[in-house]
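Please look over the sequence and the model below.

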Amino acid sequence: MPTIVVEIMPKAELLDPQGKAVGGALARLGKSQFSSVRIGKRFEVVVDGTVDASTIAEIRELAEDMFSNSVIEDVVEITVDGVAVEAVSA
Amino acid sequence: MRVGVITFPGSLDDRDAQRAVRVAGATPVALWHGDHDLQGVDAVILPGGFSYGDYLRAGAIASHAPIMAEVIDAANKGVPVLGICNGFQMLAEARLVPGAHTRNAHQQFIRRDQKLRVENASTAWTNEYSTGAEIIIPLKNADGRYVADAETIARVEGEGQVVFRYVDINPNGSMNDIAGVSNSAGNVVGLMPHPEHAVEEGFGPDTAAAMASGTDGLGFFTSVIRSFVTA
């Protein structure tokens, strides 16, 4: 069955406290060459059936309206079995 | 007057909100997230808690609950809706109020008796206060940092939609010290602190007069009764 992957990141201009905490931990481990960390989310959605244009449209709507909150996050990539879907808003 | 309080999986403060409604002199009605029925209530409260364990984003999954279709419809028709803490996050996720919430800037859960300034005393939930009044009610959250883009912040500030602002301490890094906002009509109000925990002497924040005697939150519930009586 095909798998759609949706990746979401906090908006670049917003503070990401989680990433900042991990970045701080890296510095304490002496890994200060890794100067910044931001943490996003990855959704793996298994599709029962085949993926066509309407499936893509539906998953894009879900990605923008439910998986992410456009006030604080961006949908950065949608792939179907590893192949990027064109024209994803970011 | 009948005020509905919706219980979601993971709601914590639904019973306290019901009690606050009763203490203020109205009748609380327990509503269930999975129903498509507001039981004809005159106002709705979305209570605090950790619905769905804050999975996805705080309030996000609950904002898609069956009963939210009726809540959104009622809110758009002018029915008073109050979202407290997790309820505020649900209102924002449902786009009934502007903005969103992220993790507290200091990355920790915080609980304190919080001073707020009432910035708008003309909403359905604040008309028993005066604009500029300072109140102290409990605050307890992990994802309480109110954020919005610059244009939205300018609009809510300009249109009087900032209903409450943190005073002395900004406990979570919220933009412009914003603690609570309303929709443009003023019938929908959301805030992070908890008025329902400050309605009865002996169970509220400490005051100079006596331990646990703070009842500054009662005005939310008497306000909505007044807005109903005068409507």
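## Helix 3 of chain B

In this predicted model, helix 3 of chain B is followed by B:Arg95, whose phi is positive, near 65°. The helix itself, residues 86-93, is mostly covered: eight of its eight residues are buried. They are B:Asn86, B:Gly87, B:Phe88, B:Gln89, B:Met90, B:Leu91, B:Ala92 and B:Glu93.

These buried residues pack against six strands of chain B: strand 3, strand 4 (81-84), strand 5 (100-102), strand 8 (145-147), strand 10 (178-182) and strand 11 (188-191).

## Helix 2 of chain A

Helix 2 of chain A covers residues 53-67. At 1.5 Å a residue, its 15 residues should span 21 Å. The end C-alpha atoms are 19 Å apart, which agrees. Its buried residues are A:Thr55, A:Ile56, A:Ile59, A:Ala63 and A:Phe67. They cover an arc of only 100° around the axis, so they sit on the same side of helix 2 of chain A.

On the other side of the helix, A:Ala53, A:Glu58, A:Glu61 and A:Asp65 are exposed. The buried residues pack against strand 1 (3-10), strand 2 (41-46) and strand 3 (73-80) of chain A.

## The interface of chains A and B

Contact involves 16 residues of chain A and 17 residues of chain B. The area buried between the two chains is about 1300 Å². Carbon and sulfur atoms give 60% of that area. Eight residue pairs are in polar contact across the interface, both residues at pLDDT 80 or more. Helix 1 (17-28), strand 2 and helix 2 of chain A each supply at least two residues of the side that touches chain B.

The count between chain A and chain B is one salt bridge. A:Glu73 and B:Arg57 form it through their side chains, at 3.4 Å from N to O.

## B:Arg57

B:Arg57 lies in the loop between strand 3 (43-46) and helix 2 (68-76) of chain B. Is B:Arg57 buried or exposed? Its relative accessibility is 7%, so B:Arg57 counts as buried. A polar atom of its side chain lies 2.8 Å from the backbone oxygen of A:Phe67.

Leaving out residues up to four places away in sequence, B:Arg57 touches A:Lys41, A:Met66, A:Phe67, A:Ser68, A:Asn69, A:Ile72, A:Glu73 and B:Glu93.

## Salt bridges within the chains

The structure holds 17 salt bridges over all chains. One of them joins A:Arg42 and A:Glu7, with the closest N and O atoms 3.2 Å apart. A:Arg42 lies in strand 2 and A:Glu7 in strand 1 of chain A, so the pair ties together parts that are 35 residues apart in sequence. A:Glu7 is partly exposed, at 25% relative accessibility.

In chain B, B:Asp143 forms a salt bridge with B:Arg103 at 3.4 Å. B:Asp143 is in the loop between strand 7 (134-141) and strand 8, and B:Arg103 in the loop between strand 5 and strand 6 (110-118), 40 residues apart. B:Asp143 is buried at 12%, whereas B:Arg103 is partly exposed at 40%.

B:Arg226 and B:Glu128 meet in a salt bridge at 3.1 Å, N to O. This pair links helix 5 (residues 218-229) of chain B to the loop between strand 6 and strand 7, 98 residues apart. B:Arg226 is partly exposed, with a relative accessible area of 41%. B:Glu128 is partly exposed too, with 40%. Elsewhere, salt bridges that share partners join A:Lys41, A:Glu73, B:Arg57 and B:Glu93 into one network.

Methods. Residues numbered from 1 in each chain as written. Chains lettered and ligands numbered in written order. Predicted model: local features only at pLDDT ≥ 70, side-chain atom pairs only at ≥ 80, totals over all residues. Heavy atoms only, no water. Helix = DSSP H or I, 4+ residues; strand = E, 2+ residues; numbered from the N terminus. Expected span 1.5 Å × (residues − 1). Buried < 20%, exposed > 50% of the residue type's maximum accessible area, 1.4 Å probe, protein only. Arc of directions from axis to C-beta. Contact = heavy atoms within 4.5 Å. Buried area = accessible area lost by both parts, 1.4 Å probe. Salt bridge = Lys/Arg side-chain N within 4 Å of Asp/Glu carboxyl O. Polar contact = N/O pair within 3.5 Å; in protein donor to acceptor, adjacent residues only side chain to side chain.
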